[in-house]
Amino acid sequence: MTTEQNSTNAAVSRAEDHNLSRECALKLVTGFLTDVSVITDGPPIVQSGSMDWTTWQLLDSLFPTGGFAHSYGLETAYQGGLVSDCASLERFAVNSLQNSAGLSLPFVFAGNKFPNTECWLELNKILHAMLTNHVARKASLTQGSALLRTASTVFTEFPELKKMRACSYAPTATTPHHAPLFGVLCGLLGVDAVTAQRSYLFMGLRDILSAATRLNITGPLEAAKLQHQIAGVTETLLTSFSSPPSKGFLLDGHYS
Amino acid sequence: MDVDIGSVSLMDLLLKNQIEGPKLNGSLRVERVYGKSSTTRSYATYPLQFMIPKKALPSHVDAVLVYALTFGGGIVSGDCIFFELNVGADSTMMLLTQGFTNVSIQEGCVLIKLIFLLVILRLALLVFPNLLCSSVKGLPQSQIYLESLIQEPHMHKVYKSVEGKMSRHILKCSVESGGLLALLPDSVVCFATARYSQVQRFNLAPDASLVLVDWLTSGRIARGEVWNFEYFKSTNHVYIQEDTPLLLDSVCLDDHLSPSVSERMGDYHVIAMIFIYGPRLAELRKLVQSNVEKLAGGILNNRRRTSSSRADQVQTPKQNPSAPAFLASCSTVGPLGDGLVIRAAATTTRSMYGFLREQLATLEPILGRFPYADN
């Protein structure tokens, strides 16, 4: 066992020992990652692997953001007869992620590059006008608000998050959408832009397949198989749609 | 509207607006003169042409009807049609792009003069081949332009792409307080291998009104060209007072991505978007919203019953037999929820014309005619 693993185990068990709530336990663990002196005495060992803990925590179903509430339009597609089996589900998932990538990834990128309140407010205003579908818009707001509430409570080392949360209460309240906030959060945490965008697409795929299982379009094993099959295609989507545009990306009809 | 953060502009990152740069082909302004909407500025250069028939509307209607046409009846690759429209306070403008086959007698007289002019021009071209060389490369293309113009001057035809070039259309509109702009074009029809990009930017006063229809068919279906184009992108940006974004929408169909456009569109041959905003259109907006919500609900209920429904004039899709032949949905947009976006997809152009005609029928008292009534 490495020093890191030992210390993490110690921190978690200490939290359990003191009967702390789950959120406090999380805080303790993340506190360890950014300020090692909280738990151990030795010098901070910030390896590249330590970023994984944060990224995995953001994507885990344990993270209380209600990410499974949104079906990305699958429910309506199923009711409308456009999706009925595994093959049509796969087609739907790929098309839906393509749409989501094209629309949201630039916002994730922008938030990641400029993780401050002013930029975040501007991004919200723009995305609010771009989400022309009211169901998608509401889902983005729900996920965004939940993420803001959770992140400002968990990642207390970033006062920016509390400032942003205060903005969402103000009389001229901003509309806290999911994609820009996720980008800003990743930016504050030090997650790089590509990983942030990949994570966003991962969550999209996760949510669609989770909805498919709940709607009984497919079983959990089939969904897992599909997730593995679509992974390669989703990575291609990331290359095509992520910001900054890579070489060969189609920018308004012109290949660069 | 631009936010500079560091050395990178936010708008650069997110939105690639291409308003500056291309040459302005036309400019049109309508404002209130002696209590009536009148054209106070009309300027168009080749290949754009504005036609403003007088007495085309009933005398009690206060509106200006404008046809926007192009020489050649479409946009060739490498060309860019860029024009601007200004609607002054409390005035009304309706812009159409319908073909010659659907005009009234008064309009016909003006058009006959235009055809005569074009015939003369064609003869002149035979003698002086370089007459129309501004954006036309050589004689054969200009001859094609004239021939197709006389047959069917449909502005939104997009010809095939040569050397990978794009056909572009840029429209910049502003509507002042109490003004109304109705943009009711024919559908865009992209020929095989065409590449088309369209940007329409609207700047509205808070109490201005706008009804916008933006739609696309799969191609020259009769010739077997179905979703055969290479690239299509339509961008519509609506702002309130240059400052508050109301609608930032972009539809992009790129055949270079997988799956191909044809696979993705399935049996649907037409897609359309309607946008309604403004105090003068509040009644229309509420009516359309309730109509479309009922329609959308009806489609879902029919599917649930799984019985063969609505077998009237629309054909059932073949690729996915359980998919409905007509889809429509609507959403409110804007910070105050006072704009309405309607999206529809249909398996036939006829059913889409019917939908547009039905939903926009209440515009007749304001505009003096029923939109999309002649098809």
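Author: In this predicted model, residues 64-89 of chain B are 0% helix and 58% strand.

Reader: What makes residues 64-89 of chain B a "transmembrane region"?

Author: The name comes from the UniProt record, an unreviewed entry, which lists residues 64-89 and 110-132 of chain B under it. Such annotations may be inferred rather than shown by experiment.

Reader: How many helices and strands does chain B hold, and how much of chain B is buried?

Author: Chain B comes to 7 helices and 19 strands. Of its 375 residues, 55% are buried. Among contacts in chain B between residues at least 6 apart in sequence, 72% join residues at least 24 apart.

Reader: Why is B:N25 called buried?

Author: The relative accessible area of B:N25 is 3%, and the word buried applies under 20%; therefore B:N25 counts as buried. B:N25 sits in the loop between α1 (10-14) and β3 (26-33) of chain B. Leaving aside residues up to four places away in sequence, B:N25 touches B:Y43, B:A44, B:T45, B:Y46, B:P47, B:L48, B:C80, B:I81 and B:F82.

Reader: Why does B:P259 count as buried?

Author: B:P259 has 16% relative accessibility, and the cut-off is under 20%, so B:P259 is buried. Its place is in the loop between β16 (244-254) and α4 (261-265) of chain B. With residues up to four places away in sequence not counted, B:P259 touches A:V94, A:N95 and B:R264. From B:F71, B:P259 is 188 residues apart in sequence and 35 Å apart in space, C-alpha to C-alpha.

Reader: Why is the aromatic pair of B:F326 and B:F355 called tilted?

Author: The ring centres of B:F326 and B:F355 are 5.0 Å apart, and rings pair if their centres lie within 6.5 Å. The planes of B:F326 and B:F355 stand at 50°; planes under 30 degrees apart count as stacked and over 60 as edge-to-face, so the rest are tilted. The pair links distant parts of the chain, with B:F326 in strand β18 (residues 326-333) of chain B and B:F355 in helix α6 (residues 349-359) of chain B, 29 residues apart. Both B:F326 and B:F355 are buried. Over all chains, the structure holds 10 aromatic pairs. B:Y196, B:W227, B:F229 and B:F232 form one aromatic cluster.

Reader: What are the elements of chain A?

Author: Chain A has 11 helices and 2 strands. From the N terminus on, they run α-α-α-α-α-α-α-α-α-α-α-β-β. Buried residues make up 50% of the 256 residues in chain A.

Reader: Which values describe how α5 and α9 of chain A cross?

Author: Two packed helices are described by the angle between their axes and the distance between the axes. For helix α5 (residues 86-113) and helix α9 (residues 178-189) of chain A, the axes come within 6 Å and cross at roughly 35°. The crossing of α5(A) and α9(A) is right-handed. On α5(A), the contact is made by A:S104, A:F107, A:V108, A:G111 and A:N112; on α9(A), by A:A179, A:P180, A:F182, A:G183, A:V184, A:C186 and A:G187.

Reader: How do the residues of the contact of α5(A) with α9(A) divide?

Author: They divide into 7 nonpolar, 5 polar and no charged. Gly counts among the polar residues.

Terms used
Residues are numbered from 1 along each chain as its sequence is written. Chains are lettered from A and ligands numbered from 1 in the order in which they are written. This is a predicted model: local features need pLDDT of at least 70, side-chain atom pairs count only at pLDDT 80 or more; totals for chains, interfaces and linings use all residues. Side-chain values use heavy atoms; hydrogens and water are left out. Axes are lines fitted to C-alpha atoms, for helices over the stretch in contact, and angles run from 0 to 180 degrees between N-to-C directions. Helices (H or I, at least four residues) and strands (E, at least two) are DSSP runs, numbered from the N terminus. A crossing is left-handed if the near helix is turned anticlockwise from the far one by less than a right angle, and right-handed if clockwise. Contact means heavy atoms within 4.5 Å. Rings of Phe, Tyr and Trp (its six-membered ring) pair if their centres lie within 6.5 Å; planes under 30 degrees apart count as stacked, over 60 as edge-to-face and the rest as tilted. Buried means under 20% relative accessible area, exposed over 50%, partly exposed in between (1.4 Å probe, protein chains only).
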